[in-house]
Each structure stands twice: as structure tokens, then as C-alpha cells.
Amino acid sequence: MTQANSMESPVYQGQFGEFSITPSDRQSVIIYRSGLMVAALSFAIATVLLFWQGTTPAILTSLSVLYACFCLALGVSLLTIHIYLKVLHRFLQVCWATGAVTALTVIFTRPDPFVLTVYHEAIALVGIGFTFVALTGIYFKEAFCFNRLETKLLTPLVPLLILGHLAGLLTPSMEKILLAIWAILFLVFALRKAGQDIPADIGDKSVFAYLKQQKKAQA
């Protein structure tokens, strides 16, 4: 993507024509990255609290609040992420919504604390797991587009931990190690995204325009 000289609004040469980046585009990227940062911080804080204090009543309550922050922030990021394939974008959003609805169902229908219910009940974890499918989709997108090492590691790590727990293949100590690695790499990812050039996250807008035209032509 090459940039033409322009004092007011830079014009970029895309695969299917020229395009410019609007203030709205930049705002959407900032919101996307802010959501990732909040989600990563919530996840990291929850992990530290769990390792530090264990599953005391106060910690379990805190973990539920932090999960809510994580889930909401992830949802905001999925609303503002730039993905060329609309069907993939919608799929990730549906996965997030499925996980969010499951979380609300668990909170309001199960007597035990949210985190313990998800940890011990396979059906609850499967439902909540759709949220992490959406998160893994973001990791995969970032690994594919920007060749980031941390997202290359996170893409297989998340399903490995969740599916490994469901299948009973991981010991508690192995799960703790994987959880710690996840929290660290997620935070590294969010911090590195904060310093990335904004146009890189917007991508080639001419591709979006081309795909939109193709859809209209097929209608």
C-alpha cells in the first residue's frame, strides 16, 4: 500500500483503486485497540488474583466482575475490527454473542459462583467457549495479517487449554502454566497493538469497496 503526497487527507493506492482514511476509520481502530487492552488487562488481573489468593469468596466475585469487563471489551473490539470477509466478521460476532448469553444464563441459573461452574461443568464451558472462539479468531487474524509471534502462539494455545481441560488431558499444574502464558502473551499483544500505525489496522479499503460492489452485482 503506497501513499501519495497530500497535505490534508493522504491518499493510498490499494489493490482495486485509491482510497483515503477518514477520522471515523481512525476512531474505529482506537476503539478496537482500547477494547483489546481492557480485555487483556481484565484477563491478566483475574489470572494474578486467582494465582495469588485462590478461590476465596471475594476472589470469585472479583473474577466474575473481571470476566464481565473482559467479555464486554471483547464485544466492542469485535464491533470495530476491520475484516475483509463480512461472513467471517459476523461469525466471530455470533460466537461472542453465544458465549455472552451462556455466561448470563450460568450467572442467573446456577447457585455456585460463575467461575467454579464454568470450570466444573462441561456444558457451561462449551457455551462460554464460543467467546474464546471469537478471541482466537482475532488472534488468528492478527497472526495472518501482521505475522505477530505472540498471536501465532495464542492461536493454538487457547483451544489447547480449553479442549485439554474438557477432555481431562491436562493436570491442574499444566493448566496453570498455560493460563499464565495466555495472560502474558495477551497483554503483550495488546500493548504492541497500541503502538502500531493506525492505517495498518484499517487495511486496504479498496478491497472492502470491491467486495461490496461484487455483492451488489450478485444480488
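This is a predicted model: local features need pLDDT of at least 70, side-chain atom pairs count only at pLDDT 80 or more; totals for chains, interfaces and linings use all residues.
Local features need pLDDT of at least 70, side-chain atom pairs count only at pLDDT 80 or more, and totals for chains, interfaces and linings use all residues. Residues are numbered from 1 along each chain as its sequence is written, and side-chain values use heavy atoms, with hydrogens and water left out.

Colleague: How far apart are the end C-alpha atoms of helix α1?

Modeller: Helices are DSSP runs of H or I, at least four residues, numbered from the N terminus. The expected span is 1.5 Å times one less than the number of residues. Helix α1 has 31 residues, 23-53, so it should span 45 Å. The value in the model agrees: 44 Å.

Colleague: Which residue just after α1 takes a positive phi?

Modeller: Look just past the end of α1. The phi there is about 80°. The residue is G54.

Colleague: Is H89 buried or exposed?

Modeller: H89 lies in helix α3, residues 86-109. Buried means under 20% relative accessible area, exposed over 50%, partly exposed in between (1.4 Å probe, protein chains only). H89 has 10% relative accessibility, so it counts as buried.

Colleague: Which residue has its backbone oxygen 2.6 Å from a polar atom of the H89 side chain?

Modeller: Start with contacts, meaning heavy atoms within 4.5 Å. Not counting residues up to four places away in sequence, H89 touches L78, L79, I81 and I83. The backbone oxygen at 2.6 Å belongs to L78.

Colleague: Which residue's side chain joins that of K152 in a polar contact?

Modeller: K152 is found in helix α6. A polar contact is a pair of N or O atoms within 3.5 Å; within protein, one must be able to donate a hydrogen and the other to accept it, and residues adjacent in sequence count only if both atoms are side-chain atoms. Here the distance is 2.3 Å. The partner is N147.

Colleague: Is N147 buried or exposed?

Modeller: N147 is found in the loop between α5 and α6. Its phi is positive, near 55°, though N147 is not a glycine. The relative accessible area is 53%, so N147 is exposed.

Colleague: How exposed is K152?

Modeller: K152 touches A143 and N147, not counting residues up to four places away in sequence. Its relative accessibility is 43%. That value makes K152 partly exposed.

Conventions. Helices (H or I, at least four residues) and strands (E, at least two) are DSSP runs, numbered from the N terminus.
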